[in-house]
Amino acid sequence: MAVTTRIPTALIATLRGAQHICVLTGAGISAESGVPTFRDAQSGLWEKYDPLDLATPEAFLRDPKLIWRWYRWRRELVAKAQPNPAHQALATFATLVPRLTLVTQNVDGLHQRAGSTDVIEFHGNLFDDRCFAEDRIVDCTADADVPICPGCGSNVRPGVVWFGEAIPEQALDRSFAAAADCDVFLSIGTSSLVFPAAGLAEVANEAGAVVIEVNPNPTGMSAGFDYAIAGNAGSVLPELIDSLTD
Ligand code: BV8
């Protein structure tokens with residue numbers, strides 16, 4: 001594994017020759033948009049809670065009002081955030097290579113707002129509302145403390161995947177198929193701690209892809225990557241696009 005702060009020339013040649021690039025993003029790609037990463041100390045009201053405790057069905061069943069307060073706070077924060085140069089670079093990247101599959105663990109929708117299309121949302125979307133009982137997306141405008149399903153009257157929950165819940169089947173299948181098929185796997189802004197998302201890099205590696213990590217900090221998986229580019233996504237990705245288009 002080569003740890004570098006620059007993008008190696010050999011890597012640019014590899015990217016130029018790639019037929020299929022699979023990209024996995026995590027909370028770190030949205031950090032420069034001002035969206036706290038999942039393991040940042042939650043600011044203000046939320047610093048006394050551990051996100052791992054709040055992002056669970058048990059927490060919602062125990063205290064739906066508290067969970068909705070947390071998710072409304074996150075929706076307001078994300079709605080004010082803007083995609084950053086890293087999100088924009090990935091949208092451009094997709095126009096420069098024959099095939100790019102973008103899988104995100106993030107629920108903030110910033111890739112779509114940056115112009116990426118066909119984004120695989122591995123953990124759902126912060127702005128979807130889902131009936132807890134029927135497990136289907138609903139349109140409920142009431143901004144009651146806990147929205148109610150217009151169809152069955154059950155509590156509505158945010159449309160994200162919580163810890164202990166299954167990844168949406170299509171997202172899971174498409175993501176693992178892309179990881180197994182790609183020539184290059186790019187892991188950006190993730191601590192690689194949450195599974196099964198973190199398993200995508202392992203599948204790509206075992207299938208013979210060149211695997212690259214972009215993260216200012218080393219992770220538990222850095223040693224398994226061919227390249228670990230130590231830098232912020234907002235700087236590294238635009239530089240990568242510039243190198244490809246030189
Ligand atoms: C499941 C939505 C089974 C909610 C989230 C092995 C196999 C399978 C499961 C497990 C397993 N081991 C453990 C599990 C259980 C669990 C899990 O992984 N737990 C962890 C804590 C050990 N997994 C699950 O529960 C999953 N479900 O397996 O179900 C099943 C099967 C069938 C039937 C029933 C059940 C579901 C997990 C989904 C949880 N939901 N999000 C919400 O957002 O509210 S996960 C949450 O963490 C976010 O999506 C986040 O993206 C994700 C991962 O974190 P990261 O994105 O990596 O963010 P983090 O803060 O950790 O790191 C940020 C990184 O960015 C850092 O490394 C930092 O250095 C870097 N960075 C900072 N600034 C920058 C930067 N990088 C670049 N540029 C910068 N500027």
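1. How far is an oxygen atom of the ligand from an N or O atom in the side chain of Thr190? The distance is 2.7 Å. That is a polar contact (a pair of N or O atoms within 3.5 Å).

2. A word on the basis. This is a predicted model, where local features need pLDDT of at least 70, side-chain atom pairs count only at pLDDT 80 or more, and totals for chains, interfaces and linings use all residues. Residues are numbered from 1 along each chain as its sequence is written, and side-chain values use heavy atoms, with hydrogens and water left out.

3. A backbone N or O atom of Phe38 lies 3.0 Å from a ligand oxygen atom. A polar backbone atom of Ala233 is 2.9 Å from a ligand nitrogen atom.

4. Taken alone, the ligand exposes 1,500 Å² (accessible area, Shrake-Rupley method, 1.4 Å probe). The protein buries 74% of that.

5. Around the ligand there are 33 residues, each with a heavy atom within 4 Å of it. Arg39, Tyr71, Arg74, Gly164 and Ser191 come nearest. By class, the shell has 16 nonpolar, 13 polar and four charged residues. Here Ala, Val, Leu, Ile, Met, Phe, Trp, Tyr, Cys and Pro count as nonpolar, Asp, Glu, Lys and Arg as charged, and the others, Gly among them, as polar.

6. Now the helices (DSSP runs of H or I, at least four residues, numbered from the N terminus). H1 (residues 9-17) and H10 (residues 233-245) pack at about 70°, with axes 10 Å apart. Axes are lines fitted to C-alpha atoms over the stretch in contact, and angles run from 0 to 180 degrees between N-to-C directions. So H1 is roughly perpendicular to H10 (65 to 115 degrees).

Key: Helices (H or I, at least four residues) and strands (E, at least two) are DSSP runs, numbered from the N terminus. Angles under 35 degrees count as roughly parallel, over 145 as roughly antiparallel, 65 to 115 as roughly perpendicular and the rest as oblique. A polar contact is a pair of N or O atoms within 3.5 Å; within protein, one must be able to donate a hydrogen and the other to accept it, and residues adjacent in sequence count only if both atoms are side-chain atoms.
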